[in-house]
Amino acid sequence: MKFFLDTANLEQIQTAQLMGIIDGVTTNPSLMAKEGITGEDNIKTHYKKICEIVDGDVSAEVISTDFKGMIAEGEKLAALHKQIVVKIPVIADGIRAIKDLTSKGIRTNCTLIFNPGQALLAAKAGASYVSPFIGRLDDIGQDGMELIHQLVHILDTYGFETEIIAASIRNTNHILQCMEAGADVATCPLDAITGLLNHPLTDAGLEKFLADHRKLNG
Ligand code: G3P
């Protein structure tokens, strides 16, 4: 399973890249706003900086919600860097935009997926990725992980090449469950990924090794 970092924070992207644990980055307008990135030129520059740090795919989301606007924005974003994947919301114009961008060789990530039907339409239109949101389903009392299981089954059964990015991951347990479910990618906050390192026996074992070493070596 690949890991993408779900952030627009350059420091965190650099940290994860140096650890060798990420295969790409996903952003969205909220994550860009969180970093205080505003204005078309600054946003473009920021995407380029992300692409220069990380080796893999970088999802950049359109703001338009109409077909023409999404195509114009998507083409501009894709032209910024070969690693850019254009993130498009799963609405009717979005599905049409995915079809159009795909026919032009531009890769897409269909976002805000909350049910299998939405993912199926995005896959049929040629989306490179679909992004089901686990945490936001859990937030309203539904089972986000069940959606991941459903999508793995459906996309595998019908042989779609579309990859599943499990998104809206809130904790380490979500990541482990995504691995078991067979998601292609988990896009996560950095602390959820580094949380995979934590085990009390590791901490206790390390402390004992160092204490034993100190007894003889001072
Ligand atoms: O990038 C989309 C998604 O991961 C958002 O997560 O935590 O805002 O629901 P969250």
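The entries below follow the order in which I looked things up.

Entry one. I noted at the start that this is a predicted model.

Entry two. I asked which residues surround the ligand. I listed Asp6, Asn28, Lys87, Phe133, Arg136, Ala167, Ser168 and Arg170. I then sorted this shell by class and wrote down four charged, two polar and two nonpolar residues.

I looked up where the ligand sits, and found it in the largest pocket.

I checked the polar side-chain atoms around the ligand's oxygen atoms. For Asp6, I found a side-chain N or O atom 2.5 Å from a ligand oxygen. For Ser168, the distance from a polar side-chain atom to an oxygen of the ligand came out at 2.7 Å. For Arg170, the corresponding value was 2.9 Å. I then looked up the ligand's surface: taken alone, the ligand exposes 310 Å², and the protein buries 83% of that.

I turned to the salt bridges and asked how many the structure holds. The count was ten. I reminded myself that side chains of opposite charge can pair when their charged atoms come close. I picked one to follow up, the salt bridge between the side chains of Glu75 and Lys104, with 2.8 Å from N to O. I placed Glu75 in helix α4, residues 67-80. Lys104 I placed in the loop between α5 (92-103) and β5 (108-113). The two residues are 29 apart, and I recorded the pair as a link between distant parts of the chain.

Methods:
Residues numbered from 1 in each chain as written. Predicted model: local features only at pLDDT ≥ 70, side-chain atom pairs only at ≥ 80, totals over all residues. Heavy atoms only, no water. Near = heavy atom within 4 Å. Polar contact = N/O pair within 3.5 Å; in protein donor to acceptor, adjacent residues only side chain to side chain. Areas by Shrake-Rupley, 256 points an atom, 1.4 Å probe, with all protein chains shown as cover. 1 Å grid on protein atoms, 1.4 Å probe; cavity = no way out; pocket = protein on both sides within 12 Å on 5 of 7 lines; lining within 4 Å. Sits in = over half its atoms within 2 Å of the grid points. Nonpolar A, V, L, I, M, F, W, Y, C, P; charged D, E, K, R; others polar. Salt bridge = Lys/Arg side-chain N within 4 Å of Asp/Glu carboxyl O. Helix = DSSP H or I, 4+ residues; strand = E, 2+ residues; numbered from the N terminus.
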